[in-house]
Structures are given as C-alpha cells and as structure tokens.
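Hi everyone, thanks for coming.

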Number of protein chains: 2
Amino acid sequence: MTTASKGNAPAPRPAGVLAPVLTPFRADLAPNAEGFLGHCNWLLEHGCSGLAVFGTTSEANSLSVEERERLLEHLLGAGIDPAKLVPGTGSCALPDAVRLTRAATRAGCAGVLMLPPFYYKGVNDDGLFRFFAEVIERVGDSRLRVYLYHIPPVAHVGIGPGLVERLLARYPGVVAGMKDSSGDWDNTRAMIERFGHSGFDVFAGSERFLLATLRAGGAGCITATANVNAAAIRALFDAWRTDRADGLQQSVNAVRSALERYPVVPALKAIVAHRARDTGWRAVRPPLVELAPDRADALLGELRAAGFDPAA
Amino acid sequence: MTTASKGNAPAPRPAGVLAPVLTPFRADLAPNAEGFLGHCNWLLEHGCSGLAVFGTTSEANSLSVEERERLLEHLLGAGIDPAKLVPGTGSCALPDAVRLTRAATRAGCAGVLMLPPFYYKGVNDDGLFRFFAEVIERVGDSRLRVYLYHIPPVAHVGIGPGLVERLLARYPGVVAGMKDSSGDWDNTRAMIERFGHSGFDVFAGSERFLLATLRAGGAGCITATANVNAAAIRALFDAWRTDRADGLQQSVNAVRSALERYPVVPALKAIVAHRARDTGWRAVRPPLVELAPDRADALLGELRAAGFDPAA
C-alpha cells in the first residue's frame, strides 16, 4: 500500500445474488440515469443482495469513464447504499482502472469487479499480475476489495489459478474473490476448492451453477439473468440447504435456457421494456443491436412457456 | 453529415510507409511526451511518410483518452504536420471514439485509424455498421477520413467485405481505406481488388506484404517494424517498380523474421532503447512486460545476423 488506510472499516463481504445491472439509454444513446436508478431499486426490492453495476451486461465497456463516474454518483446521491455496490472498474488502460477503482473504494463500495486488460492477447501472468498490482498499489486504500472477473468467452484474456495464487499471496484480504463466467463448472469448483479457504469468495457467472457453487463453498452468483429473474434466483439462494433446492434450480434453469437462445443484453432489455412498459429500455449502444419486435415477442412467449411472467 | 464541412480541404491521402508509433513511458509509467515527439521526428526523418500514432504497437488501448489527447496536442504544438498524422481513435466506447475522432479531424489530421469496438464478441455487421456510422455522423465533418483497422488476431472482432461495402456505399470519400493486419494476404488482395477502385486505400499491416500490396494496387503499409527499420522499408516502397524490389523485400523480411521471434512491442522498445542509449525506452505498460536484458541482447544479435544495425 502506498498510502495509509482511510480509517473506515470495509463494507461487509457481498454474498448471494448480484445483478450486473443493465444500463438504460435515451434515444440519443446517452445513459438514462433515472432509469438506471429505478432499475437498481427494483433489483434490490426483488431479491438482489448486491449490484454489480458496470459489468458486461451493463455495456460498461461501451461507456466512457466519465459516464460511469456520473452514473455511480447518481446512485449514491439518490441514497443507494454503497455497501450494496460492486462496480466494474477493469479497463484496458491502467489510469482508467485506477481512477474508477479509487472512486468506488472512496465511496465505500463493497468491492470492485475487475476485468483484466483485455486488448492484448497472449499476455502472460507476469503482465497480468503487474496490472492488478499497479491498480491496488496506486489506489492504496485498505478498504479496497478486488473481485477478479474471469470471462474468457468475451475477454479472451483469462484469470487462471496461478495468477490468483500470486495475487492472494501478495494482497491477502484485498484480493477478495472472483466472478467465474467461464461457463465451465470444473473451473469454478477448482477455484473454490483451491482458494475458498483463503477468504476468496467465488461467484458463479450464471445462476445455472448457483446451487453447485453454494454446496461447494462458494459465495453466490453474479448473473445477467438477475436483471429480470432476481426473485426466483434469490429464492433458490435462500433455500439452498432445503429439499426444495433442486426443484428451484431447475425452475431458474428453464428461464435461463429460454433467454440463452437470444443475444443476452438485447433480450434482457426487451424484457425490462415489456415489464416497465417503456420501449426506450430496448435501446443498446452499438455494436449491440436491439431485439426486433417479432423476436422480442417470441422471447416473451418462450419465457411464459418456461413458467416466467415477463410482466411481473 | 449532421453538420456542414468546416470549410478546409482535407489533407492529401496518405500512402507509403506509416509507423504505428511506439509510446515511451517514464519510470512511473506516465507517457513521455518529449520522447514521443523525438521518436516521431526520427521516424519522419528516416523514411516514414506518415505516423499512425495510437495504434496497437503504441499501446494506445493502455492509454486513457486524456493521455491520447495530450500527446496529440504535444505533437501538433511542436510543429508536427497534421497532414502526416493518422491517429488511432477506435474505442469500445462510442463517446470516446467520437471525442478522439473529432479532435483529430479538427486538428487537420490526414485521417483516423479506427478499430472496431472490440469487447463484445460475435456481434454482427449491423451493429458494427451502426458503430462506425454513429461516429461519422456525430463528428459531422467533411474532412473526416476513416481508415478501418482489421486486426482479428488481437481484436477478435474483424471488419469483413460486407461491412466495408455498406460503409463505402453510405459514406463514400469519408471511408477512405483499411489497415489489414489479418496476416492473410488473400484477404488483403481481395480488399484491394474489390474496393481499390472506389478510392479505398488498402495498407498491409506488415511490410512482408508491401511489394505484393503495391503490385496489386494498394497504398502501402502501416507496420510496427517501421519503428526501427523505416529507412529500408521506405527504400523498398520507393523502388517497388524496379528490378531491385524483390531483393529489398527479402531484406526487410529477414529483419522482420528476427523480430517476430519476440513479443513485438517489448522487442521494438528494446531496439529503440539500444539505439537511443536510453534504457527508459524499455518500459511498457502492463499487461505487457519489457524484454529481459539477456533476451534483448539475443534479439540484437539476431538482428545483426539478419543484416540490420540496431545502433543506426
């Protein structure tokens, strides 16, 4: 640490069901801060234990640094508890990652979710270690809690066990956990088994693995689908030790399976637009493309067939 | 175009040998603006016809938007002719791409080199078209010249012929060409054959394809190696219609082959550090890692064996 702790205790460790919160845009593609706040409140009221704002599902990499800063300030100014927030702060550019991580930490956020720098491919663990170490050292705040974000299907730069081990050894307590969006349960289980005893909280990147994650000793899930199905996923989390757990897991899987036949961000926005009766919610920033009305109707039909009420 | 032309004529079309200029960093990893300017001047004095600052080799995606803006302003303030500059302005975030593209265009740069938004994978041409169209419309300046940057080994999001065709049809004259860093000569040749007659200037992303590109009707190359071997690549460009061309091509290939056995950015910086007698040049931003001294020595030896004097 290059500077001393700011003196405040860190927020409690997040666990349970976190949503990578969708970011609504206005017709001119500017972020809709009021709609964002409203959706955050809806998620907290419907079962989310935390909000991983500025994730992949949030189109965060389609936002400028300033836009992310202003949206975070809007949430905090409106009274969202920072202890509920785990903002995405990873970036290809070291100064951007430092700036976003520092702001989130100073605001009292429970942690930050950090992508690796994802532009250069074939980089080694030395370089990735240096990146995370530089961010941690430059932020220099003992309240910082870093959750590593492993999403190789999108980032194409992964975070493997060797890197986690080095980071945990150098920054115990600061390196607090991982979101594993590899879609590979064997990887999630291995991360829990190897590092779970070190205060390293592993979140599955999909509710499909929520029960298995909890049974293995993981912390929960951070899942796109929570944007529309938070209550059911939370019900599974709350009941995971009961004999209803497997049935609840099957129910949330059915909803996810219907969703997975569509591009995820446009599909989730189409569902929120339907529920909120606000077609503006359909807007995405390029290179994403909103769901055409006929495909949105088909999606809503498939969700109903899977036992999900998209208007609720 | 949403606003009228600013009234100035666009700069002449770039051609020949362009360098994606290395970005030097100080010990604290801040950009070294004076070193950057000095290297730009060295490149122009040693054969580069233009400077593609803020490319992949420039570690541009490791720079913040503000850092890129300040470095560009430093070059212009020091008298670098904007007609020599083709800055990289692509970004995952639409507002960043607009901001950088607008600044370069207003400054009179010859064009901009635009990566596609590269975070989301599996996006379709509709979304990529919208991205480039939004940038072009929002910049709204008839002087704008966009060079599309196709580098699938790194970006994992490519720019195919269908997208080029749509962009050229909608924005003729503005969409001015491409840098093809696919490493696939068949793709480069197809782009030249299909679009070269439409005022679409194709640059190979490697001098290995320079002669073939010129013979097929392309405009030149934008190549990392120009950072250290500009004079020889320029000599090939100047002599491409002569009977010395194939021999000159073989000579530059030999240097490139030696370089390609090392990670390109750290290797190029090690060579500049050697030539400039400034070890500070070795610094890279994470996730890249500088070349270890023994590997740098080995590289210099291999370059000498390939007929290249790394001290010149």
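Okay, start with strand β4, residues 146-150 of chain B: five of its five residues are buried, so β4(B) is largely enclosed by the rest of the structure. Buried here means under 20% relative accessible area, exposed over 50%, and partly exposed in between, with a 1.4 Å probe and protein chains only. Strands are DSSP runs of E, at least two residues, and helices are runs of H or I, at least four, numbered from the N terminus.

Quick housekeeping: this is a predicted model, where local features need pLDDT of at least 70, side-chain atom pairs count only at pLDDT 80 or more, and totals for chains, interfaces and linings use all residues. Residues are numbered from 1 along each chain as its sequence is written, chains are lettered from A and ligands numbered from 1 in the order written, and side-chain values use heavy atoms, leaving out hydrogens and water.

Now, which residues of β4(B) sit on each side? V146(B), L148(B) and H150(B) are on one, Y147(B) and Y149(B) on the other, and all are buried.

What about the neighbours? Strand β3 (residues 112-114) of chain B runs parallel to β4(B), joined by three bridges; strands pair if DSSP finds at least two bridges between them. L113(B), for instance, has Y147(B) as its bridge partner. β4(B) also runs parallel to strand β5 (residues 175-180) of chain B, with five bridges between them, and there V146(B) partners V175(B).

Last stop, helix α12 (residues 293-305) of chain B, which has 13 residues. Over on α12(B), A296(B), L299(B), L300(B) and L303(B) are buried, while D294(B), D297(B) and A305(B), on the other side, are exposed.

How values were computed: Expected span 1.5 Å × (residues − 1).
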